[in-house]
Amino acid sequence: MNSSKLRNRFLAAALGAAGVCTVAGLAAPGAVADETCQSPYMAKIVGQEDFVYVWTLGIEGLGDGQDKLVTVDTNPKSKTYGKVVATLSVGGRNEAHHSGLTDDRQYLWAGGLDTNKIFIFDVHTDPAKPTLHKVIEDFTAKSGGVVGPHTTYALPGRMMVTGLSNNQDHGGRTALVEYTNAGDYVATYWMPTDDNLRGAKKTGKYADGYGYDIRALPRLNAMVTSSFTGWSNYMMDFGKMLSDPEAMKRFGNTVTVWNLHTRQPQEVFDVPGAPLEIRCAWQPNHNYCFTTTALTSKLWLVYQDDNGKWGTKAVADIGDPAKIPLPVDISISSDDNHLWVNTFMDGTTRLFDISDPFAPKQVLEQRIGAQVNMVSSSWDGKRLYYTTSLLNNWDKKGKDNEQFLKLYHWDGKQLSKQFEIDFLKEKLGRAHQMRFGAYSLYAKQAPGAGETEIAQR
Amino acid sequence: MSRRAITALSAGCLLLCAAHLRASPAGDGYSGGDYREGYEGHDYVTRSLSLDTRTQRARASDLWPVFQAPPLGLPPIPVPADNPATPAALALGRKLFFDRRLSLNGTLSCAMCHVPEQGFANNELALAVGLEGRIVRRNAPTLYNVGYFRHLFHDGRETRLEQQAWLPLLAHNEMANPSVGEVIRKLSDLADYRGLFAQAFGGRGPDMETIGAALATYTRALVSGGSAFDRWRYGGDSQALNAAARRGYELFRGKGGCASCHRVGRSSALFTDDGFHNTGVGWYAAMTPARRAIRVQLAPGVFRMVNSDIIAKVSAPSEGDVGRYEVTLDPADRWKYKTPSLRNIALTAPYMHNGSLQTLAEVVRFYNQGGYANPGLDPRIRPLNLSAPEMQDLVAFLQALTGDNVETLVADAFAAPIGDPEADSAR
């Protein structure tokens, strides 16, 4: 990294720490990317990514049967383009799920929703071959009973981990847990409940204490969290759960807006039907985030109005809600004009025009496979990676249980497939979350490479 | 015993007895805390409690005196001669019961399915969920008063609590420990257990007998009586039971015929005959064609009919459940399940061996219609012709069976440490 880039990074970190930085100014205009779904405090890849790290669930009876980080070469100039170049098994099936990079992008934190372990991978020493640096095994004991480390989200020098459950009843009441980048426990922030709103205002009918995803809007000194369900539900057979009326009552119906600096919840909003991923807008005059409700299949806007007052609004249906398409991962563009929305049950990716955030319109729909969960886009929006697994026991059964990583190119009008890796044929497991790696982040070059990709914040 | 054999023996377990009826959470912190009453309607509002309430309400109690003097309405607790109840064994059993490290991957304790504030059952699931989310075929039964039963699990396949404890510990779809030896090794290595087994069992360390004995002593101490009914029936308090519950009791003994299986004695009542009966619930689940669509709740007041073919795509194949037959291989025992006690029934929804009925009112309606007709239906299950007010009275009676020591037992459970894995590792 050259000195000007270093300066930029320190400037961004300082602004971020102050919580007032206009992060949109750091994004390339017109960019569309999973990179823009990441923390604004994090270093970014704006050129060609060299690798995709796929946090993969082990399948009992397949290969070594354990969770692993799968490294795929994604640089078309490489001889191993489109191939698995490394796998790192971590021991056990931990319900591998989401992962997130530290703000300096040196380490990838990957959570296990079942065993509550957080695996910290070193991705900077050799981006082609990550190593396991540390395993946090006492997440539940240290946090005071939080179960299900989900989102691992970069704040300056910190990782904020959202929980999904607890060690008392394996239900949905849970907390945020803060760590240092070194992996030292800092604090637990329980989600507001009716008997203890922790200073927040219950704006509607619900304050369930559930959690799921988190995103920050530093310019507004805000964090936004969503709510899913507890261990009993996310671990159990999906069909069994749908048939269990008691279990179906245990889903989150809230979005909470927090004070980013103080980590205090401010307002709890009704967003019924399990709001999952949160994606916040980037432009300096766009004071909103999107989320989707998995069960009720709606796109929701969480927004601050001209008077600085937060609110929520259902702004579009996703597919036919009567068929429960189950919207899962979403990806916003950094110009805030488009949003990719995957629906698990029909294996379809959908593109919404969100240039009017209060009136999104679907402009594209394409089937990716029998099932699809995650979507990750390159910084320039030209490359979209898709994986399949939702949860070990929620994935489809039988022949519909396809497990793959697929790369598509997007030209603004259509998606065209470039390569596909069958994770079952390769004896790897269930392909879940993807994060990108690049030599250029660490002022390195690929062995034998003639040029250096550019990375910047 | 092989792991396969253990799995077969305990398939669908965590299950010590049979059906139970509906929760009516008190909202006092000694019940669930994630209340979903009224969730079916658009006007549902949360009344959630923070998990801190567990710490705030925790109060360790000496449960041992119940072995000398059980609560009103209950007989002396049968204690086997080879496992005398001692305070040290009781304390050790309590510690084991709440220790999540006792599962293969450190995620499940006994208490994760038998949740104290959910009636030592699970109000949030029809069917239990095991290690890595594996399917358990049956509802997690309450452990209240389990020490009185001669048959354990819904199908009665075990006869002693000391032995029963090992089945969930070793079942692949429950706590999934690979072997008896591995459980013993784990407990021998845990520093916080050092000396506890020796103290409780005359110098012996953890072994197959002492681990089972300690867990049995704790679960045996979970007796609950002294309910409004007990005070009225056995305590000489004529005002303890309200008029509706008294009418319900008359129906229970008379027109409803309930007491023929849920027995009430002269000096005590366990509300069970410890026998096995076919009410049609098991037969219905196994033998009737799948519905074309089922009604699924998506949010408060929001339901959708979902086609069965959609649900089938995300469902593991059914393992079936033939009840007591799986133990005896006698065709006459097909779809028979153990008669549960009715004590604390208001705390232990959902009901029946498969959790298929959600409320006490549904259960009473089910019996009033005569169960589900099938070739093996118990002759005592027949249409009862109860009127709506009569069914309400029966529910009122069932709600009067909640023990007066629930708070003590739950507060004591809250005071027990939850064993979670500790210590990070650098690689």
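**Exercise 1. State the secondary structure content of chain A and how much of chain A is buried.**

Step 1. Chain A holds four helices and 33 strands; helices (H or I, at least four residues) and strands (E, at least two) are DSSP runs, numbered from the N terminus. This is a predicted model, in which local features need pLDDT of at least 70 and side-chain atom pairs count only at pLDDT 80 or more, while totals for chains, interfaces and linings use all residues. Residues are numbered from 1 along each chain as its sequence is written, and chains are lettered from A and ligands numbered from 1 in the order in which they are written.

Step 2. Of its 457 residues, 61% count as buried. A residue is buried if 20 or more other C-beta atoms, placed from the backbone, lie within 10 Å of its own, exposed if 12 or fewer, and partly exposed in between.

Step 3. Take the contacts in chain A between residues at least 6 apart in sequence: 55% of them join residues at least 24 apart. Two residues are in contact if their C-beta atoms, placed from the backbone, lie within 7 Å.

**Exercise 2. Describe the hairpin of β13(A) and β14(A).**

Step 1. β13(A) covers residues 175–180 and β14(A) residues 185–190; the two run antiparallel and are joined by five bridges. Strands pair if DSSP finds at least two bridges between them.

Step 2. A:A175 has A:W190 as its bridge partner.

Step 3. Four residues lie between the strands, and A:G183 in the turn has a positive phi of about 95°.

**Exercise 3. Characterise the contact between chains A and B.**

Step 1. Chain A contributes 63 residues and chain B 56 residues.

Step 2. On the side of chain A, β8 (131–136), α2 (139–143), α3 (231–235) and α4 (238–242) each supply at least two residues. β8(A) gives the most, with five residues.

Step 3. The side of chain A divides into 20 nonpolar, 23 polar and 20 charged residues. Here Ala, Val, Leu, Ile, Met, Phe, Trp, Tyr, Cys and Pro count as nonpolar, Asp, Glu, Lys and Arg as charged, and the others, Gly among them, as polar.

Step 4. β8(A) also pairs with β5(B) (residues 425–426) in the antiparallel sense, over two bridges. A:K134 stands opposite B:A426.
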